[in-house]
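Please look through the following model with an eye to its charged side chains and to one residue in a loop. The paragraphs below take these topics in turn.

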Amino acid sequence: MAYESPLTTLNDGKHIPQLGFGVFKVPNDETAAAVKAAIETGYRHIDTAAVYGNEEGVRQGIDAAGVDPKDLFITTKLWNANQGYDETMRAFDESMGKLGLDVLDLYLIHWACPSFGLYNDTWKAFIELQKQGRITSIGVSNFPAENLEDLIETSGVTPVLNQIELHPYFNQAELRVTNTKYGVATEAWGPLGQGGDVLSDPALEAIAKAHDASIAQVILAWHRQLGTIAIPKSVTPSRIAENWESLGLTLSGEEIEKINALSRADGRGGPDPATADFK
């Protein structure tokens, strides 16, 4: 059965496919094949970042799939070392050259890096690039509530989304409430968990068995029904297809609550955005 991802309406009126394809840690020379397979499967939302070192591979995969980039939703991110107004402008040009695009669908500040004190100047550059018509939508990634609120209050311009670590063991309920308060969509990186433990959880296994589905499909259905945007990654065509087929799965309210209950205080797998500076 052919599926199409539901669309999430952003606060600037643009639409983003709720189920996307991420290429975190995918080597550049493997990215083209993975992106091509994803597009051929049905994905129309591709998420990369400058620091991943595979923006060129994304472009090659799009070219190989024979799809007009205008028919896709493409996201990349500004790396921390390039924060600040002038550096942002330069880094954006570099990413666009690698992606082979004239206009980018979504640009994100990759990490808040509060200790740098630069995200507000960086955001000014984002706003200017959007005014120039070079970016359609602008957002952030890994922004704690305090920094998100400061960015909005200082600039008067609200990000369209906040991409954060979010999975059943770390469901970020409080930050999702803050995002919703400001009309900021929540996007999940690492949506299937960090380190693999989530994918062997007994409660998730029981739900998956009841639906004759995989645990990954159950988790992605949970994201969809929560309203979060998810960007699972894989380089294996069968897994890429399996994740896409989660669009055919619907969980009960009771099952959603069981998954919500799995979140725990030590569930974070990645760095804490409040203190991470990557120096």
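Helices (H or I, at least four residues) and strands (E, at least two) are taken here as DSSP runs, numbered from the N terminus. This is a predicted model, in which local features need pLDDT of at least 70 and side-chain atom pairs count only at pLDDT 80 or more, while totals for chains, interfaces and linings use all residues. Residues are numbered from 1 along each chain as its sequence is written, and side-chain values use heavy atoms, with hydrogens and water left out.

Helix H3 spans residues 85-99, and within it Glu 94 and Arg 90 are four residues apart, which means that about one helical turn separates them. Their side chains meet in a salt bridge, with a distance of 2.9 Å from N to O, where the term stands for a side-chain nitrogen of Lys or Arg within 4 Å of a carboxyl oxygen of Asp or Glu. Glu 94 also meets the side chain of Lys 98 in a salt bridge, at 3.4 Å from N to O, and here again the two residues are four apart in helix H3 and therefore separated by about one helical turn.

How are Glu 87, Arg 90, Glu 94 and Lys 98 linked? These four residues are joined in a network of salt bridges. As to accessibility, buried means under 20% relative accessible area, exposed over 50%, and partly exposed in between, computed with a 1.4 Å probe on protein chains only. Glu 94 is partly exposed at 40%, Arg 90 is partly exposed at 37%, and Lys 98 is partly exposed at 29%.

Another salt bridge is formed by Asp 266 and Arg 264, whose closest N and O atoms are 3.5 Å apart. In this pair Asp 266 counts as exposed, with a relative accessibility of 61%, whereas Arg 264 is partly exposed, with a relative accessible area of 38%. By the rule given above, the count of salt bridges comes to 11.

The loop residue is Leu 199, which lies between strand S9 (185-189) and helix H7 (202-211). Its relative accessible area is 35%, so Leu 199 is partly exposed. When neighbours within four places in sequence are left aside, Leu 199 is in contact (heavy atoms within 4.5 Å) with Leu 192, Ile 215, Ala 216 and Ile 219. Leu 108, by comparison, is 91 residues from Leu 199 in sequence, and the C-alpha atoms of Leu 199 and Leu 108 are 28 Å apart in space.
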